[in-house]
Amino acid sequence: MTEPLNRKQKLAEERKVAFAMLAEHWPAVFDLKQTKPLALDTRDRLKAECETKGLDADKIARAVFLWVRRPAYQAAMAAGGQRYALDGTPTGEMTAEQQAHAAAASAAIQARIKAANEARIAAVREARRAEQEARREERAKQAPKPRPAGDKPAGAKPAGGKPFGRAAKPAQARNAKPQAPKQDKPAPDSAMANALAAALGRK
């Protein structure tokens, strides 16, 4: 996209400079606001005036080539009417054949412009589509990967609610008799102290 755009910008700048040069030397016929069909001998007259004024004939010829290829110029030719000399004086009307030729050229130019615009729009849409696809692929790469069906995350509990990895406690025997809690036997010194306290009536 960058290279065609740069060429388009360069051509637009070239047209701007070329038309300004034509308008500077022959403002009567090279007027962007009022396009006039040129006389048939315009090229010969321009060549002669370039020699008189010391202008670059090749640059002037290129500028005129860009001028007559403008859609506005071809439309003015297709409309018919007078042709004009470099000083703006009428030199005679165009023939029907010349008008028809200009109309065909104007239609071809319009078709090329339309095709170029459609191609540009299609290229922009394709670039946007490719950019969106690249973004989707990037998001897919960054998304967490799904776990395999057999894997269980750490700390997960089975359907019964008990965590994995812990052995179940053995169940107590059904017929086991309850045992009475063991009583600690008093130490010898304590038993003697109790007996002495009882003998003295202090217990």
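Buried here means under 20% relative accessible area. That cut-off is needed from the start, because several residues below are sorted by it: buried is under 20%, exposed is over 50%, and partly exposed lies in between. The model is predicted.

Start with the overall layout. The protein chain has six helices and two strands. From the N terminus on, the order is α-α-α-α-β-β-α-α. The chain has 203 residues, and 16% of them count as buried. Now take the contacts between residues at least 6 apart in sequence. Of these, 64% join residues at least 24 apart.

Turn next to the aromatic residues. A pair of aromatic rings is described by the distance of the centres and the angle of the planes. The count of aromatic pairs comes to three. One of them joins Trp 26 and Phe 30. Trp 26 and Phe 30 are both buried. Phe 30 also pairs with Trp 67. This pair is edge-to-face too, with 5.3 Å from centre to centre and 85° between the planes. What does the pair of Phe 30 and Trp 67 tie together? Phe 30 lies in the loop between helix 1 (2–25) and helix 2 (42–53), while Trp 67 belongs to helix 3 (residues 57–68), so the pair links parts that are 37 residues apart in sequence. Like Phe 30, Trp 67 is buried. Ring pairs join Phe 19, Trp 26, Phe 30 and Trp 67 into a cluster.

The charged end of Arg 70 sits over the ring of Trp 67, 4.2 Å from the ring centre. Elsewhere, the charged end of Lys 36 sits over the ring of Tyr 84. Here the distance to the ring centre is 5.0 Å.

Leu 22 touches two members of the ring cluster, Phe 30 and Trp 67. Leu 22 is placed in helix 1. Is Leu 22 buried or exposed? Its relative accessibility is 0%, so Leu 22 counts as buried. Beyond four places in sequence, Leu 22 also touches Pro 27, Ile 60, Ala 63 and Val 64. Take Ile 60. Leu 22 and Ile 60 are 38 residues apart in sequence, yet their C-alpha atoms are 7.4 Å apart in space.

Gln 74 is a polar name on the buried list. This residue lies in helix 4 (residues 71–79). Gln 74 counts as buried because its relative accessibility is 13%. Leaving aside neighbours within four places in sequence, Gln 74 is in contact with Val 68, Ala 102, Ala 105, Ser 106 and Ile 109.Now for Arg 83, which lies in strand 1 (residues 82–84). What is the nearest side chain of opposite charge to Arg 83? It is Asp 41, 8.4 Å away. Arg 83 is buried yet has no salt bridge. The side chain of Arg 83 does reach the backbone oxygen of Leu 38, at 2.6 Å. Residues up to four places away in sequence aside, Arg 83 touches several others. Among them are Pro 37, Leu 38, Ala 39, Leu 40 and Met 77. Thr 89, Pro 90, Thr 91, Gly 92, Met 94 and Gln 98 are also touched by Arg 83.

Side chains of opposite charge can pair when their charged atoms come close. The structure holds six salt bridges. One of them joins Asp 41 to Arg 45, at 2.8 Å from N to O. Asp 41 has 32% relative accessibility, so it counts as partly exposed. Arg 45 is partly exposed too, at 46%.

Glu 49 and Lys 53 form another salt bridge, with the closest N and O atoms 3.6 Å apart. Both residues lie in helix 2, four residues apart, about one turn of the helix. Glu 49 has a relative accessible area of 25% and is partly exposed. For Lys 53 the value is 40%, also partly exposed.

Arg 135 and Glu 131 are bridged as well, their closest N and O atoms being 2.8 Å apart. This pair lies in helix 5 (residues 96–142), again four residues apart, about one turn of the helix. Glu 131 counts as partly exposed, because its relative accessibility is 41%.

Terms used: Residues numbered from 1 in each chain as written. Predicted model: local features only at pLDDT ≥ 70, side-chain atom pairs only at ≥ 80, totals over all residues. Heavy atoms only, no water. Buried < 20%, exposed > 50% of the residue type's maximum accessible area, 1.4 Å probe, protein only. Lys, Arg positive; Asp, Glu negative; His and termini not counted. Salt bridge = Lys/Arg side-chain N within 4 Å of Asp/Glu carboxyl O. Polar contact = N/O pair within 3.5 Å; in protein donor to acceptor, adjacent residues only side chain to side chain. Contact = heavy atoms within 4.5 Å. Phe/Tyr/Trp six-rings, centres within 6.5 Å; stacked < 30°, edge-to-face > 60°. Lys NZ or Arg CZ within 6 Å of the ring centre and 35° of its normal.
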